[in-house]
Every structure is written in structure tokens, then in C-alpha cells.
Amino acid sequence: MLIIPAVDIKDGKCVQLVQGKPGTEQVVIENPAEVAKEWEKKGASILHIINLDGAFGDKEKNIDVIKKIINTVSIPVQLGGGIRTKEDAAELLKMGVDKVILGTMAIENPENVAELSGEFGSERIIIALDSKDSKVVVKGWTEKTEKSAPEFAKIFEKQGAGGILFTNVDYEGLLNGFDTAPLIELLDAVNIPIIYSGGVTSIEDIKKLSLTDAYGVVIGSALYKGKIDFEEALLASKS
């Protein structure tokens, strides 16, 4: 199981928000590219970058920061936030982003997933399924859909998606642990890789996840606040 550090970018800085809400910054670090390089030095094999300003509506903001990260590290980068159109995704993939994470845009237009995976390869297309109260939520977790994560995952697997990023919003950013049952239900529904995110707070949480078939886990706040040591997490993921 991959341990994937999160580098969330807002106003050109690396930040961590509570429940994804603007104004709840708990960690602010000046140079995201240096942060990314540090994770690579510690043994990360992939980075999870979110353009928070993009997610909040300003997709052009932080593009220079993202380019700098891509040029600074030699490991793959998966990127989400502000990808509103098929053209946005294509531009990022051509820029050097290894994998794009598609959320609302994919759910509103699943055919975009088929077209992008056909053009760039399915392994470069990840679908973000954010679940709250057992239903997928979109538009920055503000609107609830009628379908569950397993229902959407089956649709996107058929459309050619190469993986799913599953965020359990009920636990995200709260550092209170999480329940693996929704993840296991999703893993049972599809055969493509599932990356988990949300509420991972301790080495015990990582050991719990490593007992499932999760492909990877994205960790943000717990790493930045020192609740999880990255090298220890790598060891736990292999145990």
C-alpha cells in the first residue's frame, strides 16, 4: 500500500484545512516545492497535490507553483482541484502532471472520462468520489448526489478510469480515525485501484488500512502535525 503525502496549495503556500473549509488553515508552509522535495527524500513514491484555489474557483492560481513542484521532484504527481473541463485535464497532463483527479466534472459528464482515458491512458485518470452520509457529494462537498460511491465507481470503471480516490468526508481533517466498512464495500464493487483518504491519524490506522486491498492512502494533517511519522508509516504499510 502506497503512503501518499498531501501537498495542498492555497495562495501559493502549502496548507492544511479542516473539512476542506476556507479560513480553517491549521498548517501554513511558505514553499510547497521544498515541501514536495522533502517528502521525496523521505521515501514517497508519489505525491498528492490539490490546488485549493482551483477547487474554490480560481484555476489559474498556483499553476506556477505546480510547475515548480513537477520540475523539483522526480516522482509522479497526482493533481486535483479546479479541473472543470476536459481541456483543463488535458492541459495539466501535457504539462507534466502524471495523473489528474477528476471530481464534479466527471460526475456531471462521465463521457469525458472515456475520452481522456482513450487519449492519455486510463492509468492517468483518477476519479474522486467523496462520500458523506453514504452518498457521493460534489462541488466542494456542498451538493449531495443520489448515488453511493460503489454505484459511481462501477460507472467510471466502465468509462475507463484507472483508479478511484475515495474520501470519507465524515472523517476528513478531523484526526479522529475512521471506519473501514465503506472502503471495503467500494473495494468489493470494482477491480480498479482504490486510494483512501479521510481521518487517518495514527500508525494503527495505517495498519488497519493495510489489511484491506487499498492501493494507497493519502495523508495530510496527521503528517504535518507530527501525529504520524512518514518513515514509520512506510514500514507499517508493508507489515
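**Figure 1. Strand β4 is mostly covered.** Here a residue is called buried when its relative accessible area is under 20%, exposed when that area is over 50%, and partly exposed in between. With that in mind, welcome to strand β4 of this predicted model, which takes in residues 47-51. Five of its five residues are buried. Which residues of β4 point one way, and which the other way? Leu 47, Ile 49 and Asn 51 point one way, whereas His 48 and Ile 50 point the other way. Side chains in a regular strand alternate between the two faces of the sheet. In β4, the residues pointing either way are all buried.

**Figure 2. Strand β4 has parallel partners in β1 and β5.** Stay with β4 and look at its neighbours. Strand β1, made up of residues 2-10, runs parallel to β4 and is joined to it by four bridges. To find this pairing in the model, look for Ala 6, whose bridge partner in β4 is His 48. Strand β5 covers residues 77-80, and it too pairs with β4 in the parallel sense, over four bridges. Here a handy landmark is Ile 50, whose bridge partner in β5 is Gly 80. His 48 and Ile 50, the two landmarks on β4, are the residues that point the other way from Leu 47, Ile 49 and Asn 51.

**Figure 3. Lys 37 and Glu 40 form a salt bridge within helix α1.** Seven salt bridges turn up in a search of the whole structure, and this view shows one of them. The side chains of Lys 37 and Glu 40 meet at 3.1 Å, N to O. How many residues apart are the two in helix α1? They are three residues apart in this helix, which spans residues 32-41, so about one helical turn separates them.

**Figure 4. A salt bridge links Glu 115 and Lys 86.** The distance between these side chains is 2.3 Å, N to O. This pair links distant parts of the chain, 29 residues apart: Glu 115 sits in helix α6 (residues 111-120) and Lys 86 in helix α4 (residues 86-95). Are these two residues buried or partly exposed? Glu 115 has a relative accessibility of 38% and so counts as partly exposed. Lys 86 is partly exposed too, with a relative accessible area of 26%.

**Figure 5. Asp 133 reaches Lys 144 through a salt bridge.** The two side chains meet at 3.3 Å, N to O. Asp 133 belongs to the loop between β7 (125-132) and β8 (135-138), and Lys 144 to strand β9 (residues 143-144), so the contact ties together parts that are 11 residues apart in sequence. Lys 144 is partly exposed, with 46% relative accessible area. Take a moment for the backbone of Asp 133 as well: its phi is near 50°, a positive value in a residue other than glycine. Most residues other than glycine have a negative phi.

**Figure 6. Asp 11 takes part in a network of salt bridges and has a positive phi.** The network links Asp 11 with Lys 10 and Lys 61. Where is Asp 11 found? Its place is the loop between β1 and β2 (13-16). The phi of Asp 11 is about 55°, although the residue is not a glycine. Asp 11 is partly exposed, with a relative accessible area of 41%.

**Figure 7. A patch of negative charge lies on the surface.** Which residues gather in this patch? The members are Glu 151, Glu 185, Asp 188 and Asp 213. Glu 185 is placed in helix α8, which runs over residues 181-189. Leu 187 also lies in helix α8 and counts as buried, because its relative accessibility is 16% and the limit is under 20%. The C-alpha atoms of Leu 187 and Asp 213 are 7.0 Å apart, although 26 residues separate the two along the chain.

**Figure 8. Lys 68 of helix α3 is shown with Pro 32.** Lys 68 is placed in helix α3, residues 63-72. Its relative accessible area is 45%, so Lys 68 is partly exposed. A distance of 8.8 Å separates the C-alpha atoms of Lys 68 and Pro 32, which are 36 residues apart along the chain.

Key:
Residues numbered from 1 in each chain as written. Predicted model: local features only at pLDDT ≥ 70, side-chain atom pairs only at ≥ 80, totals over all residues. Heavy atoms only, no water. Patch = residues over 30% accessible without salt bridge, like charges linked within 9 Å, V, L, I, M, F, W, Y side chains within 5 Å. Areas by Shrake-Rupley, 256 points an atom, 1.4 Å probe, with all protein chains shown as cover. Salt bridge = Lys/Arg side-chain N within 4 Å of Asp/Glu carboxyl O. Lys, Arg positive; Asp, Glu negative; His and termini not counted. Charge placed at Lys NZ, Arg CZ, Asp CG, Glu CD. Buried < 20%, exposed > 50% of the residue type's maximum accessible area, 1.4 Å probe, protein only. Pairing = 2+ DSSP bridges.
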